[in-house]
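Here is a short briefing on one protein model. Keep the sequence and the 3D view open as you read.

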Amino acid sequence: MKKILLYSDGSSLGNPGPGGWGTVLKYKDTTKEISGGDPYTTNNKMELQGVIEGLKLLKEPCDVEIISDSKYVVQGINEWLVNWIRNNWKTAAKKPVKNVELWQEYVNISKDHKIKATWVKGHAGHRENERCDTLARNEAELLR
């Protein structure tokens, strides 16, 4: 199984407002950057969209480490998702899961992969995280 590093970040100007996501995929010596945006969205949606878009590029089952400065994404993947699914997309407080359509898309797109999510502190000089942040902000600015 190929080992892929997927770095991702999201941005929203206004939250909600114009937003963008940026993703950097690494496999051995190969790096691919992608980005996109939405004219009216939230930061959390963009954080998760970047992960989804990165996973969509994988053509075969992979061992993927998702590296993000979003605790929402990292905890969602590592901790909350299993219970959300078991509880029919309700939180521990019995409320509907926010951004459920994106989480369901994530579940569908990630099912063939072995995934681990790792949190990194944002704006702390982590090269790939900073690059994702720049890509995401640039996309959001284009939609302002």
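Strand S2 (residues 17–27) and strand S3 (residues 30–41) run antiparallel and pair over 10 bridges. Strands here are DSSP runs of E with at least two residues, helices are runs of H or I with at least four, and both are numbered from the N terminus. Two strands pair if DSSP finds at least two bridges between them.

This is a predicted model, in which local features need pLDDT of at least 70 and side-chain atom pairs count only at pLDDT 80 or more, while totals for chains, interfaces and linings use all residues. Residues are numbered from 1 along each chain as its sequence is written, and side-chain values use heavy atoms, with hydrogens and water left out.

**The hairpin and the sheet**

- Val24 has Glu33 of S3 as its bridge partner.
- Two residues separate the strands in this hairpin, and Lys28 there has a positive phi near 50°.
- Five strands make up an open sheet with mixed pairing, in the order S3-S2-S1-S4-S5.
- S3 and strand S5 (114–119) are the edge strands, each pairing on one side only.
- From one strand to the next, the twist averages 20°. Such angles run from 0 to 180 degrees between N-to-C directions, with axes as lines fitted to C-alpha atoms (for helices, over the stretch in contact).

**Backbone exceptions**

- Most residues other than glycine have a negative phi, and most peptide bonds are trans.
- The peptide bond from Asn15 to Pro16 is cis, with omega near 10°. Pro16 sits in the loop between strand S1 (2–12) and S2.
- Lys94 is not a glycine, yet it has a positive phi of about 70°. Its place is the loop between helix H2 (71–86) and helix H3 (100–110).
- Asn99 also is a residue other than glycine with a positive phi, near 60°. Asn99 lies in the loop between H2 and H3.
- Buried means under 20% relative accessible area, exposed over 50%, and partly exposed in between (1.4 Å probe, protein chains only).
- Asn99 has a relative accessible area of 13%, so it is buried.

**The largest pocket**

- The largest pocket holds about 260 Å³ of space. A volume is the space filled by probe spheres set on grid points, which are joined across faces, edges and corners.
- Of its 13 lining residues, Ile4, Leu25, Tyr27, Leu57 and Leu58 are the closest to the centre of the largest pocket. On a 1 Å grid over the protein atoms alone, a pocket is an open set of points where a 1.4 Å probe fits, with protein on both sides within 12 Å along at least five of seven lines; lining residues have an atom within 4 Å of a point.
- S1, S2 and S3 each give at least two residues to this lining.
- The lining has six nonpolar, two polar and five charged residues. Ala, Val, Leu, Ile, Met, Phe, Trp, Tyr, Cys and Pro count as nonpolar; Asp, Glu, Lys and Arg are charged; the others, Gly among them, are polar.

**Cysteines**

- The whole structure has zero disulfides (pairs of cysteine sulfur atoms within 2.5 Å).
- Cys62 is buried, at 3% relative accessible area. Cys132 is buried too, at 0%.
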